[in-house]
Amino acid sequence: MIGQLIRRLPLHALLIGGALLFLIPLLWMISTALKPIEQTMTMPPQWLPYRYTAQMDGEPVAVRPGPVYRDEGRDWMRVLPEGESTAVTVPADDVSRYVSPRWENFGNAIRAMQFFPQYLRNTLILCLLTVIGTVCSSALAAYGFSRIEWRGRNRVFILAVATMMIPFPVIMVPMYALFQSIGWIGTLRPLWVPTFFAQAFNIFLLRQFFLTIPKDLSDAARIDGCGEFRIFLQIILPLCKPALLVVALFQFMATWNDFLGPLIYLTDQKDFTLALGLQFFQSQHGGTEWHYLMAASVIVVLPVIILFFFTQKSFIEGISMTGVKG
Amino acid sequence: MTRGERRTLFIGLAFISPWIMGFLLMTLYPVLATIYYSFCDYALLSEPIWIGTLNYRDMATDQVFWQSLSNTIYYAAIAIPVGLLVSFLIAVMLNQAFIARSAFRTIYFLPSMVPFVAVAMIWLWVFHGQFGLLNYALERIGLQGPNWLADERYTKPALIIMSIWSIGGAMVICLAALQDVPRQLYESAQLDGASFMRQLWHITVPMISPVLYFNLIMGIIGSLQLFVQPFIMFGSDGGPNRSALFYAVYLYENAFSYGNMGYACALAWVLFMLIVALTWVATRTTRKRIYYAGE
């Protein structure tokens, strides 16, 4: 046991080191989001947000710390008392600090984003509509591609899978022109209506699952005079809840993360989604207000991470499934 | 066709009708329209005017097009193989027995859940030339970090590093395949005295080759259409000396900023052909080495 542990030591070291590398950018985002601006741009970087107080005339006063220098055998610090404009010099020993996250950064970032409530509402509306659209349409199509044996089915399915190779930028211009001709540019419609026309990737995923259900089940129902749509609705779908959940989750993520779609179809800032709103905020405030930018990023990232933690198992299963017979 | 056959055909088509409509309206039509527009002078508010192969001839002499293409290929040529290798190695490590394995899996997977827009924001800050965490870490080990995002030599390496951070999806797919490799294969190899590396190369790689192939194809499709990160981090002009002007960004700019929709369609069509060609090459060169159980 001990021997095995020692033999595996290099592996563990590598894994822990790698895990830290993967985790640090996320932790750095959170750390920055909780700091006041003057503590974001420091060298060496600090991981924790602090508040500083200096003893002045026996009273603790909140201050901004400045450079420390040595004079007459003592360390001194230039500090700026909060709310004042002139710095004073105090003995460095009189300055103390304690950890204090600036939760107000989140509120300030939200206010600085101007239309945050609208961004959030638009994103949630889109997530809801696209999840409904995708689950309904791809379940129907996947059923047609797996549980009914019609002539030419497999050839059509190969065609469907082949369409997955077409990237959005390739069809972007005609899609834009199409939506413009029916007056949908500047509305949310181009972003959710297409999901009601089953996308190949989700069909593929659900089909994999539908195929695992024994044929006899459908045949028995057919003999009892059950119509195809009823078999789909009352027998197959209830058995496929986990797979439907996976498709719903993937679609939720895709909608939440989508950037290029909203970028080309949305014109009014009030119609923006969170992803687009975050980029808009960055293009206006980026480069200096790192604490607000990171706070806004946390707001966009956090829901996705929380959702992932609650649905980890179906998620991982779903991704694993995409690789099967790829 | 018998009556029964015709009936099942009809029912089958009824079920897949959402896909058929989507295919006609949102795949077939736009692909054909892209081809047609690529031979036209087409600004959004005017009718397309047929100009023959002018867009394609323009492309041949368009320095910016060539630069965006070479940037994209440079990125893909490194990010795809490195990504494939790293995701495979991490998956192999995570497939070993050790403490808190599932926690490690979550940690390695987590960054791939972060929306691309936020990925760009986080790394803008990590790569910051003066206050960035990365350069501080490099300084600690005695290296002078470059000004990543402002130095034309480092913009693409920066994006490649970011792509490795988001490797989680490919890693999970690898991991799932690793778990399906029969243990007996390793046990008999061990009896024969095969080293860990030999087992990896002669058992693991062939056994999960379909999944490696899948990740390769996904890598090709994903890398060639990289858009969000370079667009946000370097803007539409592609950063210092256009060193991070990516193909999809240039395409977007032509379509929606310069109003050259026809030219953008020609670019789009070339991109699609490129993806098809690379996928074909990848398929041809790996076909004999991919092992499908049960065949």
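Helices here are DSSP runs of H or I at least four residues long, and strands are E runs of at least two, numbered from the N terminus. On that basis, Leu110(B) sits in the loop that links helix 5 (101-109) to helix 6 (116-126) of chain B. This is a predicted model, where local features need pLDDT of at least 70, side-chain atom pairs count only at pLDDT 80 or more, and totals for chains, interfaces and linings use all residues. Residues are numbered from 1 along each chain as its sequence is written, chains are lettered from A and ligands numbered from 1 in the order written, and side-chain values use heavy atoms, leaving out hydrogens and water.

Is Leu110(B) buried or exposed? With a relative accessible area of 9%, Leu110(B) is buried; the cut-offs are under 20% for buried, over 50% for exposed and partly exposed in between, using a 1.4 Å probe and protein chains only. Setting aside neighbours within four places in sequence, Leu110(B) touches Leu26(A), Ile305(A), Phe308(A) and Phe309(A), where contact means heavy atoms within 4.5 Å. Ser46(B), 64 residues from Leu110(B) in sequence, is 46 Å away, C-alpha to C-alpha.

## Helix 8 of chain B

Helix 8 (residues 155-165) of chain B is mostly covered, with nine of its eleven residues buried. Among them are Lys156(B), Leu159(B), Ile160(B), Met162(B) and Trp165(B).

What do these buried residues pack against? Their partners are helix 2 (9-33) of chain A, plus helix 4 (63-94), helix 6 and helix 13 (228-234) of chain B.

## Positive phi in a loop

Most residues other than glycine have a negative phi. Asn241(B) has a positive one, near 55 degrees, and Arg242(B) is also positive at about 55 degrees, although not a glycine.

Asn241(B) counts as exposed at 54% relative accessibility, while Arg242(B), at 38%, counts as partly exposed.

## A positive patch

Arg284(B), Arg287(B), Lys288(B) and Arg289(B) gather into a patch of positive charge on the surface. Patch members have over 30% relative accessible area and no salt bridge, with like charges joined within 9 Å and nonpolar side chains (Val, Leu, Ile, Met, Phe, Trp, Tyr) within 5 Å.

Arg287(B) itself falls in the segment after helix 15 (261-286) of chain B, and is exposed at a relative accessible area of 52%.

Key: Accessible areas come from the Shrake-Rupley method with a 1.4 Å probe; for residues, only the protein chains shown count as cover. A salt bridge is a side-chain nitrogen of Lys or Arg within 4 Å of a carboxyl oxygen of Asp or Glu. Lys and Arg count as positive and Asp and Glu as negative; His and the chain ends are not counted. The place of a charge is taken as NZ of Lys, CZ of Arg, CG of Asp or CD of Glu.
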